[in-house]
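Please open the structure in your viewer and keep the sequence panel beside it. The tour below goes from one selection to the next, and at each stop it says what is there.

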Amino acid sequence: PSMIDYIYRKNDDVNSPPTIQIPIAGAALGNPWTDPFHQYAAADIAYGYGFIDNAQKAHLDDLEVTCRKSIIAWMKDSSSKPRHCLELVSKAVKASGGAKSYNINVWGTEYPPGKATMESYLRGEIGGDSSAIVKSLHLQGSENFFGRYSECSDPPYNALFHQDALGVVDELVRVLDHPTKPRILFYFGMADFVCNHVSGEKMLNALPWSRAPSWALAERYAWQLSEARSSSTKAAPAGYAKEFENLVLLKIPEAGHMLPLELPEVTLEMMRTLLGPGCFRGSVQQLDRVYPTQMYLPGQCVDCPNCDDIFRNTIVCSPTSPTNISPPSQEEASILPEAPKSSDERTTSAVLSKGAVIGAAFTFFLIMSIYTLVSSDPRKDGAIKLEAKEVVNAEKIKIEMSVLPDTAEMT
């Protein structure tokens, strides 16, 4: 997204028009590292594969809370370091007993397939002099900094490690909202443990994008290759897709992180579909949908960088867009809940004190107003739930509000 966003900003610069315009029709992002705030998570996929049990998952969930809070602190003060984030993946992979972190179906053999051959070719060890290869890839002088080519070398990673927790969510949203509407495809090999499809989908659900709630509730399809569609023999789907406006999510069950090397035929048709007039809509899945509130950790208010200010946001709660938060109006501020009693509470307690008659009337009005707003929300149920917990007396009524992701419509 960063490269596309940069090109668009240059294309659209009216103060300094570029000498050339670079048109962009779309992009394919393979198992991308887009928003570490959501994507460091590994507990769900580790549990889904049976590598860990519920008790171990609870431990990883606790580490994820610490990781997310430390990312928020790091964004405010870069001298602080995100804590426990890398452990979320490394501990889960270790628990598997030896699976490859980028394809957990591979044990004890090289990954990706053909890795040694690819490295030898790009080093010039196969096919003669390497200088022509290095020149064609514009890599002259790279060995002085990074040494000889290897598929996943440490020097580039070490050089960029200080930005490991930095996401590109804002850039992605600007690209999705661009007037040219480029088609953006996120594809995930489902066996990738590090940049896994579970946390990747949660990241897309939580985008500060105006269409995110509708995208989350879009229909889902089993996608088949054209050869399988034309055959009389029933074949397994090549993947599972969800498509709404210009955002597409495709999951490939038989692949890991390096889809093009593992399944070149599937990759080729995927790219032809993306670039051509077709779509990834195969047979629709006959299953009802509700807004996926389960993407938030039970009992934890960690998906909001500032939970007590959640009603102030006009976008989906995200730590990557703090500058886009507008201060509340006086009317909005009058209904803001108090800060949570602790940072680990998900519920926000609001104590409304009024006179006997005025207090009861105001509480009734508040509940009915929020009910009206929630009932028109595209996610249907789940945006905000109100429950009268206790009535101390006629002057003091305590209400608990369970605050879930986007409250844009409420504002």
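Begin by selecting T273, which touches R183, W223, G278, C279 and F280 when residues up to four places away in sequence are left aside; touching, or contact, means heavy atoms within 4.5 Å. T273 sits in helix α15, residues 264–275, where helices are DSSP runs of H or I with at least four residues, strands are runs of E with at least two, and both are numbered from the N terminus. With a relative accessible area of 12%, T273 is buried; buried means under 20%, exposed over 50%, and partly exposed in between, with a 1.4 Å probe and protein chains only.

Before going on, please note that this is a predicted model, in which local features need pLDDT of at least 70 and side-chain atom pairs count only at pLDDT 80 or more, while totals for chains, interfaces and linings use all residues. Residues are numbered from 1 along each chain as its sequence is written, and side-chain values use heavy atoms, with hydrogens and water left out.

Now select the whole chain, which contains 17 helices and eleven strands. Of its 411 residues, 41% count as buried. Among the contacts in the chain with a separation of 6 or more, 69% are between residues 24 or more positions apart. The chain exposes about 21,900 Å², of which carbon and sulfur atoms supply 56%; such areas come from the Shrake-Rupley method with a 1.4 Å probe, and for residues only the protein chains shown count as cover.

Next, colour the chain by pLDDT, the predictor's confidence in each residue from 0 to 100. The mean for the chain is 74, and 70% of its residues reach 70 or more. Over residues 294–411, however, pLDDT stays under 50, and the model has 183 contacts beyond four places in sequence for these residues. Where pLDDT is low, the predicted coordinates should not be read in detail.

Which residues lie nearest the centre of the largest pocket? Select C152, S153, P156, Y157 and L160, which hold that place among the 45 residues of the lining. The elements that each give two or more residues to this lining are β1 (26–30), α5 (85–96), α8 (142–146) and α9 (154–160). The volume of the largest pocket is about 1,500 Å³.

Move to H38, which lies in helix α2, residues 36–39, and which counts as buried because its relative accessibility is 3%.

The last stops concern the backbone. Most residues other than glycine have a negative phi, and most peptide bonds are trans. Select Y111 and P112, which are joined by a cis peptide bond with omega of about 0°; P112 is in the loop between β3 (103–107) and α6 (115–122).

Where is K181? K181 lies in the loop between α10 (169–176) and β4 (183–189), and has a positive phi of about 50° although it is not a glycine. With a relative accessible area of 41%, K181 is partly exposed.

Finish at E245, in the loop between β6 (239–244) and β7 (247–252). E245 is not a glycine, yet it has a positive phi of about 50°, and at 42% relative accessibility E245 counts as partly exposed.

Technical notes
On a 1 Å grid over the protein atoms alone, a cavity is a set of points where a 1.4 Å probe fits but cannot get out, and a pocket is an open set with protein on both sides within 12 Å along at least five of seven lines; lining residues have an atom within 4 Å of a point. Grid points are joined across faces, edges and corners, and a volume is the space filled by probe spheres set on the points.
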